[in-house]
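Colleague: I would like to learn how to read a model like this one, feature by feature. Could you take me through it?

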2 protein chains.
Amino acid sequence: MAIERVAIVGLGLIGSSIARAIGERLPAVTVTGHDASDAVRAAAHELGFCDTIADDPVAAVTDADLVILAVPVGRMADAAAAIAPGLKADAIISDVGSSKAGVANALAAALPDHVVIPAHPVAGTENSGPAAGFSTLFEGRWCIVTPAAGASEDAVTAVTSFWQALGARVELMDAAHHDMVLAVTSHLPHLIAYTIVGTASELEEVTESEVIKYSAGGFRDFTRIAASDPVMWRDVFLANRDAVLATLQRFNEDLTVLQQAIRRGDGAKLEDWFTRTRAIRRSIIEQGQDDAAPDFGRKH
Amino acid sequence: MAIERVAIVGLGLIGSSIARAIGERLPAVTVTGHDASDAVRAAAHELGFCDTIADDPVAAVTDADLVILAVPVGRMADAAAAIAPGLKADAIISDVGSSKAGVANALAAALPDHVVIPAHPVAGTENSGPAAGFSTLFEGRWCIVTPAAGASEDAVTAVTSFWQALGARVELMDAAHHDMVLAVTSHLPHLIAYTIVGTASELEEVTESEVIKYSAGGFRDFTRIAASDPVMWRDVFLANRDAVLATLQRFNEDLTVLQQAIRRGDGAKLEDWFTRTRAIRRSIIEQGQDDAAPDFGRKH
């Protein structure tokens, strides 16, 4: 199943990075881009990472072998409905949403006669929009593909090969399990980061200017992911509500245990906990999922 | 008040970075180092960042104009008692502890006849030990000096000038206010990071190997500060208990509000919250307290 023409709907950080990565690594593949926003289409045109920018979603997907929906998960159903009339019968439709079970259902409902192979590249930065993308975003990162039971093996292979060609490593996973894994590794961390940055900015005893000045003590690490796209993340929490609330409950239990240890002066419990968490970072670095340089390699 | 001889007690990340920064920026100043650990003293000797390594705390501080205690805050009282017999009458004693009110009291009690000017350089990395230090650690970072009421102005000026000479910016602050500010900007972030890394590694539904593999979705940002020195952080939470518990309560309130918004599907509240937190990061970058490059400047 050769992919010669790709359509990308949604030209923000992820969509524009896919277009750029195709341009660099799959020069024979033509890319048509579309975005619902006039301003984003104009910027994409200027930046030149697509072969063609289509003003209309139906025109964008005509003749595409692979259509990738790169819009916030709350807009997937509408985006799918908008492209439906233009799709080739044998086109593969995929997406990049950070939650998968709900999106898979929405896409299957909107496109009952088409092959839908949901995917999630676990990569990104805190920046948003078509100018924020770059061609190496997916290199060495994982892309999780969550085909429904009985999905076409050829289509799964085509999507897998596509992401591998962009530099990603691919893992197949059940959509519900994906949503639990990502609740832990991505959604809960974002929720916690958004919370603490909000908390810190609204204390009476400490001014916002003090929080900013002394942020190098640890706080600044949280501000990066708390600067991520608000609409994208609103939709993720709404779409993956059950898994997020389940992992949040575990987090709250653990936080209560540590809170009690602090209140009681139980240093042994604190030291034991803090010693165990060191090992995880070592493994993340060993497996190439983070920079080994101190401070994430920030300049000093 | 000329500082010609500095003694550093505790040769971990911070102590060894001070020694290295003096070597680079204040070449006329001689540095004597001491650490209670034989292994650390041997490593410091090998690394060569001090002019002299003293095996004995009393010998280390003889003739020193400025003595800096760079040990975990729970060990400050013992470290101060150990050096007391060797101190010159006009020596200034300072420290680098991350909590200040408790440490100031401990030092004043242990050294009633000496000038104590507590300080806290808000800088560090997740690495520990004498090999982890580097001479530029304090450049552009803030050092908070918390003199007691009535402290010698000359001594405050000497400590201020010393830290400025190492590249830091200096702010004077009341010790109790320092502890509230740092509870927000440093201690609470570390507590939350330690918690979530522990939570993620002990879920039944998601394996530790999956957490590591997909950590680039956000989780890995938390693992850096959760890899910080366990003993240092145990002591910080015990020493700054009241301020940490007070800010933790605010955090818990905010987290409950967001949890409820997710449960109720209140997207407007989530989007509003997530939009406000973006501005903080922009200010941190503008004020030179973090890297403007996406992903903290990690390599892609």
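Modeller: Gladly. Let us begin with what a contact is: two residues are in contact if their C-beta atoms, placed from the backbone, lie within 7 Å. Please keep in mind that this is a predicted model.

Colleague: With that cut-off, how many residues of chain B are in contact with chain A?

Modeller: On chain B, 94 residues are in contact with 94 residues of chain A. Several helices of chain B, namely α7 (175–201), α8 (208–213), α9 (220–225), α10 (230–239), α11 (241–264) and α12 (267–286), each give at least two residues to the side that touches chain A. The largest share comes from α7(B), with 19 residues. Sorted by class, this side of chain B holds 47 nonpolar, 24 polar and 23 charged residues.

Colleague: How should I read the relation between the two copies?

Modeller: In general, two copies of a chain are related by a rotation about an axis and a shift along it.

Colleague: Why can one say that the copies meet through the same surface?

Modeller: Of the interface residues of chain B, 100% are also interface residues in chain A, so the copies meet through the same surface.

Colleague: Let us turn to a single chain. Which domains does the assignment give for chain A?

Modeller: The assignment for chain A gives domain 1 (5–173) and domain 2 (177–265). Their C-alpha centres lie 29 Å apart. Between them, 15 residues of domain 1 of chain A are in contact with 17 residues of domain 2 of chain A. Helix α5 (residues 101–110) of chain A gives the most to the side of domain 1 that touches domain 2, with three residues. That side of domain 1 of chain A consists of six nonpolar, seven polar and two charged residues.

Colleague: Now the strands. What pairs with β4(B)?

Modeller: Strand β1 (residues 5–9) of chain B pairs with β4(B) in the parallel sense over four bridges, and Ala7(B) stands opposite Val67(B) in β4(B). Strand β5 (residues 92–95) of chain B also pairs with β4(B) in the parallel sense, over four bridges, where Leu69(B) stands opposite Asp95(B). From β4(B) the chain crosses to β5(B) through helix α4 (residues 76–83) of chain B, in a right-handed β-α-β crossover.

Colleague: Are the faces of strand β4 (residues 66–69) of chain B covered or open?

Modeller: To read this, count neighbours: a residue is buried if 20 or more other C-beta atoms lie within 10 Å of its own. Both faces of β4(B) are covered, with Leu66(B) and Ile68(B) buried on one side and Val67(B) and Leu69(B) buried on the other.

Colleague: One last topic, backbone angles. What should I look for?

Modeller: Most residues other than glycine have a negative phi, and most peptide bonds are trans. In this model, Asp295(B) has a positive phi, near 60 degrees, and Phe296(B) has a positive phi near 60 degrees as well.

Colleague: Is Asp295(B) buried or exposed? And what about Phe296(B)?

Modeller: Asp295(B) counts as buried because 22 C-beta neighbours lie inside 10 Å. Phe296(B) is buried too, with 22 other C-beta atoms within 10 Å.

How values were computed: Residues numbered from 1 in each chain as written. Chains lettered and ligands numbered in written order. Predicted model: local features only at pLDDT ≥ 70, side-chain atom pairs only at ≥ 80, totals over all residues. Domains from an automatic or database assignment. Nonpolar A, V, L, I, M, F, W, Y, C, P; charged D, E, K, R; others polar. Buried ≥ 20, exposed ≤ 12 C-beta atoms within 10 Å, placed from the backbone. Pairing = 2+ DSSP bridges. Right-handed = clockwise from strand over helix to strand, strands pointing away.
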